[in-house]
Amino acid sequence: MTSPDLAEHPFDLSSQPGAEWWRTAVIYQIYPRSFADSSGDGIGDLPGVTAHLDDLVDLGVDALWLSPFQRSPQKDAGYDVADYCDVDPLFGTLADFDTMLAAAHGRGIRVIVDLVPNHSSDQHAWFQAALAAGPGSRERARYLFRDGKGVHGELPPNNWDSVFGGPAWTRVPASDQATVDATPGQWYLHLFDTSQPDFDWSNEEVREEFRRILRFWLDRGVDGFRVDVAHGLVKDSALPDYTPPTDADALGGGEENVPYWGQDGVHDVYRDWHRVLAEYDGDRALCAEAWLPTIEQTALWVRPDEMHQAFNFAYLETKWDAAPLRAVIDESLRAYGAVGAPSTWVLSNHDVVRHASRLALTEENPQGHGIGPLSPGKPIPDVGLRRARAASTVMLALPGSAYIFQGEELGLPEAVDLPDEARQDPTWFRTAGERYGRDGCRVPVPWSATEPAYGFSPTGASWLPQPASWANLARDRQIGDGASTLSLYTTLLAGRRTHRLGAGRLEWIETHEPGILAFRNGNVTVVANIGSAAIPLPHGSVIATSGPITDGMLPVDTAVWLENGAA
Ligand code: NOJ
């Protein structure tokens, strides 16, 4: 099957096995509600994306990943989908999507979209029908409804907690029929918010519906999908009790044998989807959002007949420290290489503290907890930015595919001082403010230092307030400033392309100095000083440096790319 869009756009559709675009691509994450607002309502939209595509061409990205823009009541910023095959009016229309896609393809930029298969919104027609139909019905069998425990079913079916805090089960009122025979109302499972009921993936009707949804977007010409909670679809059918450790990452990384994460049966779903994508011309790709205890386990998601990429969260979660970084890079290249997949690299996204802040935190901060005004160990901004620039300089030299989260190319930090009343992440509400949640990394992007809402929206509206200090980080301030973070990213992305680093091979350089990370990829030598004192800059001509080099010395928290260098 050939989609009309793809036939027209300028990609080579006949790439050889092993040379597919997703193996080496730099993929830029757009979080639509915070990228660019064309309508003036304070929420970014699809025409806003289209309007800024040339900026992304200038930056040098290969592809975009769009977080959800489908119809949704926005209880979890669109990760609660009410209609998988339509655009939410907040973001525009299907025609706006088609326009954006064609405009991206016309510029040689691929587009992958978010797919949220673990759960729907409670406003989805299927869930509404399930509520109306009552226990034992075909409608309820699409979700995970169960009778409660206790004499009157007043206790939830097990002890699971929601990722966002609070119980993972909500009880529904008894149906009319049930009231008559005194049967108590059932409970439904939601690993996330109450408004996000989990599908039952043992039900063939659910599987068929998602094949239809995949084809709907593939027919429109998308280049692939980022699959939300890809490790969560299949649950242990016995639904046994489970209590995670208190310091666990919210989305599950680090925990073994969790009855709702990483169950074996989930792989059948992705083998099936692999076949659906293979019906289409061009290299369409699936990328797993799977938080798992080890890289070895994550590599199972990208075996040759399953997905194509998986986010490398182990890399994201590695401390700013040479030895563990070297270890995680080695292990990634080994484990993904063993199954014939590229490693991906990622430092920030819409669920984690931005790396310009995270890398300077002085206290542990589990994923999903966020930081706010009262958090202990808050980062010193200058230290965070310096480390973030160095970390990105390392990341973008690694072979494989790299993900960039909108705004990191501007050096945006986490917005720490958001007022309580502005916060919208369900985590904040479900933990009664105990966890700040993820709003701090989702604040709208500053485009122009002097315009209202820094050019994010023509009216100055912004769904989360932007910190005053962000004027200096606005894109227009950074363009043309050779020392800006934007210039650094532009240089790195151009260099990555010229030197074909994505398709390259990594070779470590032994420096025998603690705190120094040094490797070669083709004719580029990368040296990062993660130690405690400046070191002499190795020989070679500088292609890019994350910070100033003075008197021939490479300062602490600085990384450099050298051509023909010898560390
Ligand atoms: C992971 C997404 O990235 C996150 O933003 C969302 O809240 C959960 N999945 C639930 O869909």
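1. Confidence overall. The protein chain has a mean pLDDT of 94, with 95% of its residues at 70 or more; pLDDT is the predictor's confidence in each residue, from 0 to 100. This is a predicted model, in which local features need pLDDT of at least 70, side-chain atom pairs count only at pLDDT 80 or more, and totals for chains, interfaces and linings use all residues. Residues are numbered from 1 along each chain as its sequence is written, and side-chain values use heavy atoms, with hydrogens and water left out.

2. Strand E1 (residues 26-30) scores highest, at 99, and helix H1 (residues 4-8) lowest, at a mean of 45. Helices (H or I, at least four residues) and strands (E, at least two) are DSSP runs, numbered from the N terminus. The pLDDT is below 50 over residues 1-7, a stretch with 21 contacts beyond near neighbours in sequence. Contact means heavy atoms within 4.5 Å. Residues 177-182 are also below 50, and that stretch has 2 such contacts in the model.

3. Domains. The assignment gives domain 1 (4-118 + 204-489), domain 2 (125-189) and domain 3 (506-566). These bounds come from an automatic or database domain assignment. The centres of domain 2 and domain 3, taken over C-alpha atoms, are 58 Å apart.

4. The parallel sheet. Eight strands form an open sheet with parallel pairing, in the order E11-E10-E9-E5-E2-E1-E13-E12. Strand E11 (309-310) and strand E12 (344-346) are the edges, each pairing on one side only. Two strands pair if DSSP finds at least two bridges between them. E11 and strand E10 (residues 285-288) have 2 bridges, in the parallel sense. Cys287 has Gln309 in E11 as its bridge partner.

5. The antiparallel sheet. Here 3 strands make an open sheet, ordered E6-E8-E7, with antiparallel pairing. Strand E6 (145-146) and strand E7 (169-171) each have a single partner strand, so one side of each is left without a neighbour in the sheet. E6 and strand E8 (residues 187-189) are joined by 2 bridges. Phe145 stands opposite Tyr188 in E8.

6. Ligand site. There are 13 residues around the ligand, and Asp76, Asp228, His350, Asp351 and Arg438 come nearest; a residue counts as near if one of its heavy atoms lies within 4 Å. Which distance separates a polar side-chain atom of Asp76 from an oxygen atom of the ligand? It is 2.6 Å. For Arg226, an N or O atom in the side chain is 2.9 Å from a ligand oxygen atom. A polar side-chain atom of Arg438 also lies 2.9 Å from an oxygen atom of the ligand. The protein covers 100% of the 300 Å² of accessible area that the ligand has on its own, by the Shrake-Rupley method with a 1.4 Å probe.

Notes:
Polar contact = N/O pair within 3.5 Å; in protein donor to acceptor, adjacent residues only side chain to side chain.
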